[in-house]
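Hi,

Here is the structure I promised to pass on to you. Please open it next to this message, and my notes follow below.

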Amino acid sequence: MIELLLGITKLGRKMDNNIVKVKLKYATELYNEGQYDESIKVLQELIPEVDDSQKFEKSEIFRLIGNAHYAKQDYDNAIPAYEKTLDYYDNNDSIYNILGYMYFYKNIDKSIYYYLKGMEIKPNFGNFVMLTQVMIKNKKYSQKDLQKTFEKYVDYFRPEIMQGHEAFT
């Protein structure tokens, strides 16, 4: 009897996962068609249906909500959605970098924090340039702070920078 109940429970979870995947796909299609409000509505209705233990699915929901708000240039709603994404999956460099970019004009300290977190996960030359620009804009960072940050990443990016300039190596 217990085995039967466990089997039914597993089947129910599998069906729930399939329903979640179908709704996520539908919301993504709405987003891709430019129907951002409809996509957000589907995703927000999906939030209570997804258990917090389903971290990837939960993070995808909030990432997609953030993307839809971002596409609408509704940054005040995109930011909390992206930050909520990190509650479920905190190893996504692109989310940190998007937040770094979005906070550039709102809160320079948060912008730097998010760019640094993104760079820790996956260094990216474009985001490195943005990080140094943000640090310069902040004015509380000394020349030594900038030099330290620059030196931390310059060896990492040296091959990319020197590509095609072998005579200088």
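Setting aside neighbours within four places in sequence, Ser111 is in contact with Gly100, Tyr103, Phe104 and Val134, where contact means heavy atoms within 4.5 Å. Ser111 lies in helix H6; helices (H or I, at least four residues) and strands (E, at least two) are DSSP runs, numbered from the N terminus. Ser111 is buried, with a relative accessible area of 0%. For that term, buried means under 20% relative accessible area, exposed over 50%, and partly exposed in between (1.4 Å probe, protein chains only).

Before you go further, please note that this is a predicted model, in which local features need pLDDT of at least 70 and side-chain atom pairs count only at pLDDT 80 or more, while totals for chains, interfaces and linings use all residues. Residues are numbered from 1 along each chain as its sequence is written, and side-chain values use heavy atoms, with hydrogens and water left out.

Ser39 sits in helix H2 (residues 36–46). Leaving aside neighbours within four places in sequence, Ser39 is in contact with Ala27, Leu30 and Tyr31. The C-alpha atoms of Ser39 and Thr28 are separated by 6.9 Å, and these two residues are 11 residues apart along the chain.

Now for the chain as a whole. Buried residues make up 36% of the 169 residues in the protein chain. Of the contacts in the protein chain with a separation of 6 or more, 43% are between residues 24 or more positions apart.

Next, the helix pairs. Two packed helices are described by the angle between their axes and the distance between the axes. Here the axes are lines fitted to C-alpha atoms, for helices over the stretch in contact, and angles run from 0 to 180 degrees between N-to-C directions.

Helix H6 (residues 108–121) and helix H7 (residues 125–138) pack at an angle of about 155°, with their axes 10 Å apart. That makes H6 roughly antiparallel to H7 (angles under 35 degrees count as roughly parallel, over 145 as roughly antiparallel, 65 to 115 as roughly perpendicular and the rest as oblique). H6 passes H7 in a left-handed crossing; a crossing is left-handed if the near helix is turned anticlockwise from the far one by less than a right angle, and right-handed if clockwise. On the H6 side, the contact is made by Ile108, Asp109, Ser111, Ile112, Tyr115, Leu116 and Met119, and on the H7 side by Asn127, Phe128, Met130, Leu131, Val134, Met135, Lys137 and Asn138. By class, the contact of H6 with H7 has 10 nonpolar, three polar and two charged residues. In this scheme Ala, Val, Leu, Ile, Met, Phe, Trp, Tyr, Cys and Pro count as nonpolar, Asp, Glu, Lys and Arg as charged, and the others, Gly among them, as polar.

Helix H4 (residues 75–88) and helix H5 (residues 93–102) pack at about 150°, with their axes 10 Å apart. That makes H4 roughly antiparallel to H5, and H4 passes H5 in a left-handed crossing. Tyr75, Ala78, Ile79, Tyr82, Glu83, Thr85 and Leu86 in H4 meet Ile95, Tyr96, Ile98, Leu99 and Met102 in H5. The residues of this contact divide into 10 nonpolar, one polar and one charged.

In the loop between helix H3 (55–71) and H4 you will find Gln73. Its phi is near 60°, a positive value in a residue other than glycine. Gln73 is exposed, with a relative accessible area of 58%.

Finally, the rings. Rings of Phe, Tyr and Trp (its six-membered ring) pair if their centres lie within 6.5 Å; planes under 30 degrees apart count as stacked, over 60 as edge-to-face and the rest as tilted. By this rule the count comes to eight aromatic pairs. The rings of Phe104 and Tyr105 have their centres 4.7 Å apart and their planes at 90°, so this pair is edge-to-face. Phe104 is buried, with a relative accessible area of 14%, whereas Tyr105 is exposed at 69%. Tyr113 and Tyr114 also form an edge-to-face pair, at 5.1 Å centre to centre and with 70° between the planes. Tyr113 counts as partly exposed at 45% relative accessibility, and Tyr114 is buried, with a relative accessible area of 9%. Tyr96, Tyr103, Tyr113 and Tyr114 form one aromatic cluster.
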